[in-house]
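Grab your viewer and follow along.

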Amino acid sequence: MQAGAGQESLTGGNVGLMSLIRALSKELEARSDDSLRALFDARPDLISPAVPDFSALAARASARLSVQRALERLNRPQMQVLETLHLCTNTDTGHSVSAAGLRRMIPGSSAAAVDRILHSLQDLALVHRADPPHGTPDPVAKQRHYLPVGSLKDVVGLYPAGLGRSYTELVRLQPAFAQRAVQLVSELNRSGVAIHAATTPMEAALALQQWTSSPEALNSLLATAPERTTALLARFRNWAMGAVPQAQRKASITTEGPDVGPVDWLLARGLLVPLDAAHVELPHSVGLSLRGGAIINDFTLQPPVPELGRTSAALRRNAALSAISETLRLVGDLLHAVREQPLATLRSGGVGVREMRRLAELLRIDQQQTGLLLELAALAGLIRLDVDSSSWVQPPQLEWLVLPRQEQWLWLVNAWLASERVPSLVGQPINGARGGPSAHRSASGSTIIALSAEAQRPDAPLVRKRILEILDELTVEAGSADDTAPVLDAAAVLQRAEWSQPRMARRFSSMIRGVLAEAELLGLVGSGALSQLGRALAEDNPDAALAILGEHLPAALSHVLLQADLTAVAPGYLAPGLAEKLLVMADAEGQGPATIYRFSAGTIKRALDTGYDAAAILEFLREHSATAVPQPLEYLVEDTASRHGRLRVGAAASFVHSEDEGALLELLSGPKAARLNLERIAPTVLVSSATPRETAQVLRSLGLSPSVDGANGPVVRLRTAPAPPGANRPVYTAPRMAPGAEEVEAQLAVLRKVGSAVGHPGVPGDHGGSGDHGGEARTQLGLEALQRAIRLKQRISMNVVDGLGNANLEIVVPLSVSGGRVRVFDPAKETERVLSIHRIIDIEAAEELRQ
């Protein structure tokens with residue numbers, strides 16, 4: 001936020017107490033270089049981009065988005081201590097708390113354990129040291145006291161630690177409850193409840209708060225409650241808000257009958273507060289009393305240990321290798337199908353149900369698996385969208401087809417780990433629920449279709465990497481002997497994810513089953529256990545995975561077994577080139593590696609149409625058959641060839657010849673060369689109705705470099721430069737979790753240079769300091785001061801720049817701030833106004849001006 005021309009940006013003065021950002025800035029400058037390096041390693045966004053000084057660093061560390069990112073990396077004990085600190089402190093008044101004070105609110109913990117966690121949170125710049133509250137006894141005052149960063153209240157949400165808001169806040173924010181609060185207290189008094197009388201809604205809120213703050217008094221009251229009341233309250237154990245029918249119905253102690261239900265009973269006594277027609281909230285003091293006065297009741301420093309089954313190492317290895325072999329075979333068949341007929345797309349994007357059904361029939365698998373493979377091929381770059389024809393095609397000169405099988409696998413895995421697409425989402429409802437195996441609707445329908453935008457998830461690489469790490473952690477903890485391995489299901493992985501990163505639990509839960517299914521497809525999981533390949537990738541060691549796979553994965557076969565019943569049996573996984581040519585001459589049947597290829601007059605004619613002759617077909621079969629060519633098959637080939645016609649007659653003004661079959665196929669299927677009327681008469685030859693000169697000109701306009709044989713010769717030879725080996729291979733780079741060493745050292749040099757120049761942090765508005773070193777710190781300080789004044793309902797003095805550039809001093813009461821604007825109440829004019837924040841130069845507490 002910048003001020004008008006020639007003006008400074010928003011700066012916060014001293015509004016009541018020392019700014020939390022200033023306090024954090026001083027603490028950060030006092031740290032050692034090693035401590036700062038650890039901070040930058042844990043929170044890399046703090047120096048991306050670089051900051052000019054410690055005040056800007058503190059401002060960025062206190063920013064809402066940065067704090068939110070940092071909280072996503074905290075484990076459950078750290079989050080529990082941080083939320084307890086938030087509930088036990090007040091950053092507006094400076095009320096801090098010590099580790100011993102927090103321990104009393106966390107049964108099962110120790111002061112030493114809480115102190116260690118607070119120290120780790122301080123290392124992350126999420127909390128900082130503070131003075132003890134006024135009037136604290138000397139022994140307690142000598143303990144370390146802490147305050148959280150100011151933006152924590154906005155990040156943790158409405159219900160930190162699962163506890164609701166206070167009665168006073170609910171009276172202020174819920175007008176319907178405020179209107180009934182006084183009557184509710186009066187009815188409780190008449191029914192014999194020991195509660196203070198009230199004449200205003202705020203007095204009623206304070207009375208209810210005091211009455212429900214005693215666990216003993218609340219338990220005594222609940223002993224007279226209707227049946228199922230305890231079970232109902234148990235539903236609010238971990239979250240303060242719940243859904244109940246007709247939440248705002250009128251419930252009264254004086255009119256309730258003997259058959260009153262638990263919801264009406266709780267509403268009549270104010271133990272539940274209606275929010276709207278269908279939701280209620282359990283107030284803070286009620287939730288705290290139900291927990292026995294503690295904020296956290298399930299504190300533990302150790303992660304939960306799941307009960308896991310076991311599987312044999314041999315079964316795990318065989319399952320993983322089988323999955324890899326089958327995936328490679330299916331991807332090869334899919335590429336062949338796409339080469340033969342590109343996949344058309346819908347107007348709204350993605351591949352429609354008709355194309356999916358056709359492709360599934362060709363691959364002889366269900367549509368759900370077809371969608372998964374299609375997404376995998378697309379994210380690996382094995383197929384691409386041709387924008388001119390709006391169809392998915394195979395790129396020319398695709399290196400993947402000629403790589404060894406283990407390198408083909410690594411290509412797919414690297415692309416999967418780095419991709420922001422989630423293949424397993426295909427077929428699922430767009431709202432996140434799981435769909436049926438054949439549910440493929442358009443983008444305007446309710447399910448996600450293959451290759452559509454809805455399968456995009458920006459956090460997918462991070463989630464995949466973390467799931468692999470959790471699988472590795474659980475495998476190591478369970479102990480993986482030479483002959484057995486632990487079986488890991490989605491529940492066990494999710495349980496550990498919820499402990500290690502509770503703030504990301506929802507993202508894990510929505511993707512974990514799909515990620516495990518994809519990992520199983522790629523052989524990273526076998527028979528439910530993390531394979532050796534998966535462990536190698538979890539440890540960022542792809543070379544080890546490649547070596548393991550090269551040792552154990554059976555080599556692709558280069559032969560088939562020809563049978564007298566006009567079939568060829570593949571005794572295993574065939575080399576992609578062999579399988580592709582067989583599919584030209586025969587139709588595949590069955591599923592799995594032992595595919596059966598059936599020859600017929602139609603399939604032989606198909607081969608003849610693509611440029612083969614009888615001699616070439618028989619030579620190919622003799623070369624790749626482990627048995628002699630059966631006489632019935634030989635007769636079929638020769639008879640079909642004799643009837644097919646040895647001569648082909650047609651009109652052509654020129655023909656195009658190239659040894660690169662892929663380039664010719666792309667040229668033939670692309671719309672840009674349509675005016676040449678190209679037709680394929682052999683794998684390496686196309687004919688055209690255009691003259692050689694016209695044909696060459698069109699090819700040059702497409703970026704190709706053809707040569708013409710003779711001055712007016714009919715032959716146009718197309719030469720394409722092959723891409724360097726490995727140029728198009730995807731290389732996986734783990735999500736960046738820490739900045740580079742050079743970046744860190746450069747940032748430290750800047751910070752220390754500025755700090756030594758002024759003697760202490762250059763914090764705007766801190767008297768005696770020299771430095772005003774960045775708009776980022778000034779902006780955060782100003783917003784912090786505004787928000788504090790709003791919460792304290794405090795008058796402030798603002799310098800506001802008008803449209804002519806003149807600064808005017810105004811005393812107002814800020815009411816709210818959002819979207820770059822602040823709504824204020826002007827006491828002098830008794831009106832409300834909305835001001836743009838970029839026009840505010842600085843603010844100070846109005847009370848300080850009068851002193």
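**Exercise 1: the second largest cavity**

Work out which residues line the second largest cavity, and where they come from.

Step 1. The lining consists of Arg316, Arg317, Ala320, Leu321, Ser531, Gln532, Leu533, Ile548, Leu549 and His552. Step 2. Sort them by element: α17, α24 (532-538) and α25 (542-552) give two or more residues each, and α17 has the largest share with four. Helices here are DSSP runs (H or I, at least four residues), numbered from the N terminus. Step 3. By class, that's five nonpolar, three polar and two charged. Nonpolar means Ala, Val, Leu, Ile, Met, Phe, Trp, Tyr, Cys and Pro; charged means Asp, Glu, Lys and Arg; the others, Gly among them, are polar.

A word on the source: this is a predicted model, where local features need pLDDT of at least 70, side-chain atom pairs count only at pLDDT 80 or more, and totals for chains, interfaces and linings use all residues. Residues are numbered from 1 along each chain as its sequence is written, and side-chain values use heavy atoms, with hydrogens and water left out.

**Exercise 2: the largest cavity**

Describe the lining of the largest cavity.

Step 1. A cavity is a set of points on a 1 Å grid over the protein atoms alone where a 1.4 Å probe fits but cannot get out; lining residues have an atom within 4 Å of a point. Step 2. The lining has 22 residues, with Leu328, Arg329, Leu574, Pro576 and Ala579 nearest the centre. Step 3. α17 (313-340) gives the most, seven residues. Step 4. The classes split into 11 nonpolar, six polar and five charged.

Definitions and conventions: On a 1 Å grid over the protein atoms alone, a cavity is a set of points where a 1.4 Å probe fits but cannot get out, and a pocket is an open set with protein on both sides within 12 Å along at least five of seven lines; lining residues have an atom within 4 Å of a point.
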